[in-house]
Amino acid sequence: MGSDKDADDLTRKNKKINLPKPTRVKNKTPNPIQITAEQILREAREQQEPEFRPPKQKIADLDEHAEYLLQERKKFEDRIRRARQNISEWIKYATWEDKQKDLLGARSVFERAVDVDYKNSTLWIKYAEMEMKNGKKDYARNVLDRAVQYLPRVNQLWYKYVHMEEMIGNVAGARQIYERWMSWMPEQEDWLAFVKFEVRYNEVERARAIFERYVQFHHGVEGWIRYAKFEVKIGGDVLRARNVFERAVEMLADDEGSEKLFVAFAEFEEQCKNVDRARCVYKFGLDHVPKTRAEDLYKKFVCFEKRYGDREGIEDAIVGTRRFEYEDEVRKNPLNYDSWFDYVRLEESAGNRERIREVYERAIANVPLANEKRYWNRYIYLWINYALYEELDTRDVERAREVYRECLNLIPHKKFSFAKIWILAAKFEIRQLNLTAARSILGNAIGKAPKLKIFKNYIEIELQLGNIDRCRTLYHKYLLWNMQSFYAWITYAEFEKSLGETERARYLFELAISQQDLDNHDEMWKAYIDFELSEFEFDRARKLYERQLDWMEQHLEVWIRYAKFEAEALAKDDDDAGFREEKKQGIKRARRVFERALDYFPASEHDKKEGRSRLLEEWLNMEASFGNLGDFSLVQPMLPKKLRRRRQIETEDGSAGYEEYIDYMFPEESEKTNLKILEAAYQWMKKRKLSPGEGYADF
């Protein structure tokens, strides 16, 4: 047991790793001699020991040579035995045998490698290159023939095979190899290589036949374009080239990529100086190619028109290009109404009436998906622009009326409405001298979707026509619809005032201030008082201020306005004899108003201190405005001191710190504070007399 314990202790000691203690750098000042990394690397390079190189061996006789061959072969055999699938080792082995002039040995190695991986094209190429380098063309032909049988889809082998036959002058054999290759239906470049082979030997008919076979197999546009270019470049036959293009258009006009065919066809006609035919090709292509793929075609057409067209043709081409851009935008997002606006403006600049109407109809057909007003704000202007276009540009009144009617029927008035549409439709009927229809439209608007703007415009129209009774009826409906609106009451009263109906206006104001649910009582009272002041009814205005103070006595602004009114109400021209006396009386009344207001804003209540300070500031400013009649001594003793204090912020989680605020200390409060201090001192002195031995301990 003891030995086991000792063994465990030893293993623990062995397992324990003693790490060196990290050194602490005491002196962190920079070294006076700085050494760069480049110097360190150069020094290490200089101190490096030279690399060991084995001595060169010189072979003196055949026995040493045989021994050398045996050793090298043994090395190569060991390598390929360890990595049998590594073809590069086989190629190195065969290349070494070839350097030793042992062609049979090299062939043996290549054949063994082919048995390992016959799908490696590099192996076949190296094998064939070795045979060709040694002048064994039959062996090389045999190797490449076997290679293309095993790997018919590897183009490099075919190219190598053809190149070898062509280099030795066997043109018929090379052609036969191409035919074998084409039977596998290779890619486009391979067919073109066959064509170039025939062209090199001036076999134009053979090359044309190859192109015919090629375009029948590859139905793409590129083949036909190359075929036509071949006819122009090699044969020089324009009619044959045009015939190729026409056949291609018949077969591929609606296929993908046909825009390249039209561009090539038009450029061919342009080179042949047939401008009209080129323009016809461009237009035919633009009619058949979808807008999503015709961008390059449009650009080419615009450049063509700039070179050969007149002004009208150039403008049409530019409009066509921009039309393509807008078509792409509205196709991606039909609900992008800004793109529709730009598209419509483009068509309006072109002036094609049918196309303009088509774009408008397509635009308004994209109704917003949600019945929320924010989604309809831009959409509704499409209808407005459409109606204005029909009315002002085309002079088609019935069509414009139909546009307005369809728009009003489309809007979900129970959820939201647009006053602008109702008003524009009504004004359109007025321009057509159809007043009955205009009133019908505005009446429907008030019945379905009443709005302030509709009432305002309807009343304005009737007022311009001089129909006062209709205006009063509309105001009654306006008030029935929104009795709480102070604006409605004020506009109605001002309407009666403009007609000289002062008593009617006063009665409306009285009705308005008696409404309990009015949305802004202060503005209503203010408008009523301004009305009485405009009529120079100062006594009525004073009574209104008193009534308003009974209604809202804590309203600071009302007191300030009341005081200013008293100070300025009786101010007349300086030529009047009693101006100064009346001014004094007005000042006294204003001071009494301020004194009454101060009673409602006592200094003892903390939440009213700021209001009291504001009243005193306004009073002081008013005394300054009185000039010689002002008396600052009435206000200055009552002015407070501003104190910057801190208070604790209370939150739901507890205290959250402190904040600074401005407090006001009025003279009344300071006097009370002094009295409290004196009273506390008196009580302390009285207590001290009763117990003289206690000293200051009880205080």
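Biologist: Which residues have the most contacts inside the largest nonpolar core?

Modeller: A nonpolar core is a set of buried nonpolar residues joined through their side chains. In this predicted model, the largest such core has 95 residues. Those with the most contacts inside it are Trp 340, Leu 382, Ile 411, Ile 421, Met 524 and Leu 615.

Biologist: Take one of them. What is Ile 421 in contact with, leaving aside its neighbours within four places in sequence?

Modeller: Look for heavy atoms within 4.5 Å. For Ile 421, that gives Ile 380, Ile 384, Cys 407, Leu 408 and Ile 411. Ile 411 is also on the list of residues with the most contacts inside the core.

Biologist: How many residues are in the second, separate core?

Modeller: That core has 79 residues. Among them are Ile 91, Ile 125, Tyr 127 and Tyr 282.

Biologist: Let me step back to the whole chain. How many helices and strands does the protein chain have?

Modeller: The secondary structure comes to 34 helices and two strands. The chain has 699 residues, and 38% of them count as buried.

Biologist: Now helix pairs. At what angle do the axes of H18 and H21 cross?

Modeller: Start with the angle between the two axes. Under 35 degrees counts as roughly parallel. Helix H18 spans residues 337-350, and helix H21 spans residues 379-393. Their axes cross at roughly 15° and come within 9 Å. H18 and H21 are therefore roughly parallel to each other. H18 passes H21 in a left-handed crossing.

Biologist: Which residues make the contact?

Modeller: H18 supplies Tyr 337, Trp 340, Phe 341 and Glu 348. H21 supplies Tyr 379, Tyr 381, Leu 382, Asn 385 and Tyr 389. By class, the contact of H18 with H21 has seven nonpolar residues, one polar and one charged.

Biologist: Which residues of H27 and H29 meet?

Modeller: On H27 they are Phe 486, Trp 489, Ile 490 and Lys 497. On H29 they are Glu 523, Met 524, Ala 527, Phe 531 and Ser 534. The contact of H27 with H29 divides into six nonpolar, one polar and two charged residues.

Biologist: Now single residues. Is Glu 269 buried or exposed?

Modeller: Read the relative accessibility. Under 20% means buried. Glu 269 has 0%, so Glu 269 counts as buried. Glu 269 is found in helix H14, residues 258-271. Beyond residues up to four places away in sequence, Glu 269 touches Arg 242, Asn 274, Arg 277 and Ala 278.

Biologist: And Glu 198, buried or exposed?

Modeller: Glu 198 counts as buried because its relative accessibility is 1%. This residue sits in helix H10, residues 188-200. Not counting residues up to four places away in sequence, Glu 198 touches Arg 175, Glu 203, Arg 206, Ala 207 and Ile 210.

Biologist: Last, backbone angles. What is phi of Arg 395 near?

Modeller: Phi of Arg 395 is near 60°, a positive value in a residue other than glycine. Arg 395 is placed in the loop between H21 and helix H22 (397-410). With a relative accessible area of 63%, Arg 395 is exposed.

Biologist: Where does Leu 433 lie?

Modeller: Leu 433 lies in the loop between helix H23 (419-431) and helix H24 (435-448). Phi of Leu 433 is near 60°, again a positive value in a residue other than glycine. Leu 433 is exposed, since its relative accessible area is 78%.

Note on methods. Residues numbered from 1 in each chain as written. Predicted model: local features only at pLDDT ≥ 70, side-chain atom pairs only at ≥ 80, totals over all residues. Heavy atoms only, no water. Axes fitted to C-alpha atoms, helices over the stretch in contact; angles between N-to-C directions. Helix = DSSP H or I, 4+ residues; strand = E, 2+ residues; numbered from the N terminus. Parallel < 35°, antiparallel > 145°, perpendicular 65-115°, else oblique. Left-handed = near helix turned anticlockwise from the far one by under 90°. Nonpolar A, V, L, I, M, F, W, Y, C, P; charged D, E, K, R; others polar. Core = buried A, V, L, I, M, F, W, Y, C linked by side-chain atoms within 4.5 Å. Buried < 20%, exposed > 50% of the residue type's maximum accessible area, 1.4 Å probe, protein only.
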